[in-house]
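User: I'd like to learn how to read packing features in a protein model. Can we go through them one at a time?

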Amino acid sequence: MILFVSAGQEVTRKSNTSINRRNMYLNYGLLTIATYFSNKGYPCIQVQGHFYQPLEFFNHYKRLGYFENDNPIFISIPSFYALSWTRKFLDFIRADNLKRKIIIGGRWLIDGEPQKLVQEIGRVDYIADGLGESHLNGIENEFLLRLKKNLTSGKHSVLDYSVLENRYLYQPSIEVSRGCGMGCSFCQEKDQPLEKLIAPEILCNQIEETLLHDSLTKMTPYFEASMFIPSKEWSKKFYEVKKHHVLLDHLEWRTESRVDSINPQVLPFLSDSGLKIIDLGLESASEVQLKKMSKTNNPKRYLERASLILKEAKNNNIKVKVNILLYAGECAATVRETMDWLHQHREFIFGVSVGPVVVYGWDTKVASYMEQLRSFGATPADFNSIKGVQQINLSPSIDHHEARSLSMKISREFMSAKNFFELKKFSYFSRDYLYNDFLYDLKNEDKNNLSFSI
């Protein structure tokens with residue numbers, strides 16, 4: 001069996017609470033790679049590190065016999081937060097069997113700097129820089145052709161969830177497009193061209209193949225796209241095609257989009273097709289900050305459009321979680337502008353997610369971006385405890401600690417505990433994690449560390 005490992009994290013991105021450690025972020029990019037080899041007949045299994053300690057994780061799968069063969073191990077590093085976890089996990093693997101081949105991927109982390117990665121985690125046998133799909137033939141020829149194939153393996157169009165350990169606990173992801181190319185200064189996909197949305201016929205077949213119908217929390221897929229831009233034609237076609245799939249009669253799904261990429265006129269069709277939650281990248285309601293982010297050249301029109309989307313979503317029973325980014329140059333006045341706008345639209349907002357800008361990447365890659373942030377009055381925070389993750393003092397009046405405090409305060413003002421659970425249950429919590437479990441976990445948490453109000 002070939003083992004595919006999604007590297008875990010020793011720390012959370014936001015506050016270190018038991019609630020945040022409940023998140024189960026499916027590495028669907030790695031699942032795409034595992035599916036490719038599964039379709040070719042290789043027996044595969046994907047396991048996810050989540051927030052397990054590396055030694056605990058290694059010992060668990062060693063007891064299960066996952067390391068008893070000399071087959072290569074694929075490890076995907078989703079972000080810099082997973083870098084230290086990977087380094088420790090690799091030490092345990094090497095100590096167990098020096099002959100075992102290690103193949104590493106992680107598009108956003110490697111970013112054209114494989115040698116820098118080697119300096120952090122030690123030498124490995126293969127580093128797949130960029131999109132993993134471009135390396136598959138070479139990896140198979142070099143590492144896998146000697147392995148015995150299962151000739152009865154079934155074919156899967158995109159994601160073979162049967163290779164994912166405990167797949168019944170995960171809310172599934174369906175990749176509907178890639179790329180963005182809109183040029184927002186803080187986005188890693190700002191220069192990657194946007195691809196077309198997957199055809200509705202193919203999408204419906206994939207969803208039907210993926211969903212489980214059991215006694216756990218209902219499966220509600222996340223339509224993954226860096227920028228979801230459904231045209232009227234696509235939205236109508238998806239609605240029409242879905243009607244002919246009896247198993248999708250009660251489909252409910254979620255996606256993420258930008259204010260300037262979703263047309264309010266398509267929301268009725270998307271709602272009729274099962275869209276229940278949309279994560280809307282507003283980022284700010286300060287015209288000054290929106291321009292600094294390169295979010296829009298016309299902030300007034302941008303905010304007017306955001307209002308229309310929120311109201312139309314509410315009219316069509318779609319819940320909106322608004323994403324806010326506290327950016328370089330932020331001050332009391334710009335924060336107040338954003339909060340005032342949120343208050344004016346409170347009845348249309350189901351929840352708010354807020355965080356300060358963080359710079360991710362190798363020093364050589366982010367140097368020019370750091371200079372841009374400096375030009376807005378920001379400076380690097382004094383500490384940088386995680387390689388590749390640089391916290392920022394937003395301005396002379398809002399340092400990193402104040403920015404984090406403001407983020408939590410705004411989140412709590414616009415997010416209730418119940419709404420928080422509903423959003424997380426829909427996409428990120430384990431399907432066997434119930435509201436009573438959530439309430440039990442809350443008993444031992446410091447309210448100041450929570451991003452929602454109790």
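Analyst: R254 is buried, at a relative accessible area of 2%. Buried means under 20% relative accessible area, exposed over 50%, and partly exposed in between, with a 1.4 Å probe and protein chains only. Note that this is a predicted model: local features need pLDDT of at least 70, side-chain atom pairs count only at pLDDT 80 or more, and totals for chains, interfaces and linings use all residues. Residues are numbered from 1 along each chain as its sequence is written, and side-chain values use heavy atoms, with hydrogens and water left out.

User: Where does R254 lie, and what is R254 in contact with beyond its neighbours within four places in sequence?

Analyst: R254 lies in strand β8 (residues 253–258). Strands (E, at least two residues) and helices (H or I, at least four) are DSSP runs, numbered from the N terminus. Contact means heavy atoms within 4.5 Å. Leaving aside neighbours within four places in sequence, the contacts of R254 include P221, Y222, F223, D279, K321 and Y428.

User: Is G105 buried or exposed?

Analyst: G105 counts as buried, at 17% relative accessibility. This glycine lies in strand β4 (residues 102–105). Beyond four places in sequence, G105 is in contact with I75, S76, I77, I110 and A128. For a distance in space, take G105 and S261: 30 Å apart, C-alpha to C-alpha, and 156 residues apart in sequence.

User: Now helices. At what angle do α2 and α3 pack?

Analyst: Axes are lines fitted to C-alpha atoms, for helices over the stretch in contact, and angles run from 0 to 180 degrees between N-to-C directions. Helix α2 (residues 54–63) and helix α3 (residues 83–96) pack at about 40°, with axes 9 Å apart. α2 and α3 are therefore oblique to each other. The cut-offs: under 35 degrees is roughly parallel, over 145 roughly antiparallel, 65 to 115 roughly perpendicular, and the rest oblique. The crossing of α2 and α3 is right-handed. Right-handed means the near helix is turned clockwise from the far one by less than a right angle; anticlockwise is left-handed.

User: Which residues make that contact between α2 and α3?

Analyst: P54, L55, F57, F58 and K62 come from α2, and W85, K88, F89, F92, I93 and D96 from α3. By class, that is 8 nonpolar, no polar and 3 charged residues. Ala, Val, Leu, Ile, Met, Phe, Trp, Tyr, Cys and Pro count as nonpolar; Asp, Glu, Lys and Arg as charged; the others, Gly among them, as polar.

User: How are α12 and α14 arranged?

Analyst: Helix α12 (residues 332–344) and helix α14 (residues 400–414) pack at about 10°, axes 11 Å apart. That makes α12 roughly parallel to α14. V335, M339, L342 and H343 of α12 meet L406, I410, E413 and F414 of α14.

User: Which residues do ring pairs link into a cluster?

Analyst: The cluster is Y52, F57, F58, Y61, Y66, F67, W85, F89 and F92.

Terms used
Phe/Tyr/Trp six-rings, centres within 6.5 Å; stacked < 30°, edge-to-face > 60°.
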